[in-house]
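Dear colleague,

My notes on what was found in it follow directly after.

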Amino acid sequence: MRILLANDDGINSTGFSVLERIARELSDDVWVCAPETEQSAASHSLTIHRPLRLRQIEEKRFAVDGTPTDCVLLAVNHVMKDQRPDLVLSGVNHGRNIAEDVTYSGTIAAAMEATLLGIRAIAFSQQFADGRRPDWETAARWGAEVARKVVAMDWPEQVLVNINFPAVDPDAVTGIAVVPHGLRKIGDVLEERLDPRGRTYFWIGTSRTEEALQGEETDVSALRDGRITVTPLHLDLNHAAAIQSLRGVFAK
């Protein structure tokens, strides 16, 4: 396979080096196109109001002064235009991407862009326990094994796969769960502070109240139980039932 790597934490992040380790267990044809600087929570944003700079670091390795989406677009449509990648891997994100995180995540966005371009894509994220030093070995140990199984399946169109590794030691992983993403956006915490000139500013906090879907196992509950979560995400955002209801309303 020809594999393209991207992320949102930046080309020099620790998680990205872990992703490269995973990719090289799968193929010897690995390309890199990642952001120059951290782009966490960039979502599926595209840079259209300024020019982009593409910097070649070495053979098959490029950095972009833009978003994860920019990186995938430039890689596929410019750097690798003569032979597109067979697979795009994004991550490994510093922190989990579950539940509503998928709508904010730049890690997920890189995989989304690849999917829109007709390329299979997997997003990887590593959960960390509060107060513990980050440990990437769970993602490093399990990443290639999980990816091989995912790549071997019959891949539906407009679907990407979101994988999260729990905050446990590699040998303490309790299983692999294929689950839908859950709900956990109940109350964000905003931190209000004053700058040295007495003006108010805010930090958007990371605290969330978590809640798994009633009666259904989700990525929230499975990750909490120490399992690796595998969640297919469909890019078709249409809601068929609501379409029919609205047609009824406007037909009157």
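By class, the lining of the second largest pocket in this predicted model comprises nine nonpolar and six polar residues, with no charged residue among them. That makes a lining of 15 residues, and those that lie nearest the centre of the pocket are Val102, Met112, His234, Leu235 and Leu237. Two or more lining residues come from each of helix H3 (101-104), helix H4 (106-116) and strand S11 (228-234), and of the contributing elements H4 gives the most, with four residues. The space in this second largest pocket amounts to about 300 Å³.

Two of the elements named above also bear on the sheet. S11 belongs to an open sheet of nine strands with mixed pairing, whose order is S3-S4-S2-S1-S5-S6-S7-S11-S8. Strand S3 (54-58) and strand S8 (176-178) stand at the edges and have a single partner strand each, so one side of each is left without a neighbour in the sheet. From one strand to the next, the twist averages 20 degrees.

As for the helices, H4 lies across strand S1 (2-6), strand S5 (87-94), strand S6 (120-126), strand S7 (159-165) and S11, and runs at about 175 degrees to S6. Helix H5 (residues 137-151), in turn, lies across S5, S6, S7, S8 and S11, running at about 155 degrees to S6.

With kind regards

Terms used
Residues are numbered from 1 along each chain as its sequence is written. This is a predicted model: local features need pLDDT of at least 70, side-chain atom pairs count only at pLDDT 80 or more; totals for chains, interfaces and linings use all residues. Side-chain values use heavy atoms; hydrogens and water are left out. On a 1 Å grid over the protein atoms alone, a cavity is a set of points where a 1.4 Å probe fits but cannot get out, and a pocket is an open set with protein on both sides within 12 Å along at least five of seven lines; lining residues have an atom within 4 Å of a point. Grid points are joined across faces, edges and corners, and a volume is the space filled by probe spheres set on the points. Ala, Val, Leu, Ile, Met, Phe, Trp, Tyr, Cys and Pro count as nonpolar, Asp, Glu, Lys and Arg as charged, and the others, Gly among them, as polar. Two strands pair if DSSP finds at least two bridges between them. Axes are lines fitted to C-alpha atoms, for helices over the stretch in contact, and angles run from 0 to 180 degrees between N-to-C directions. Contact means heavy atoms within 4.5 Å.
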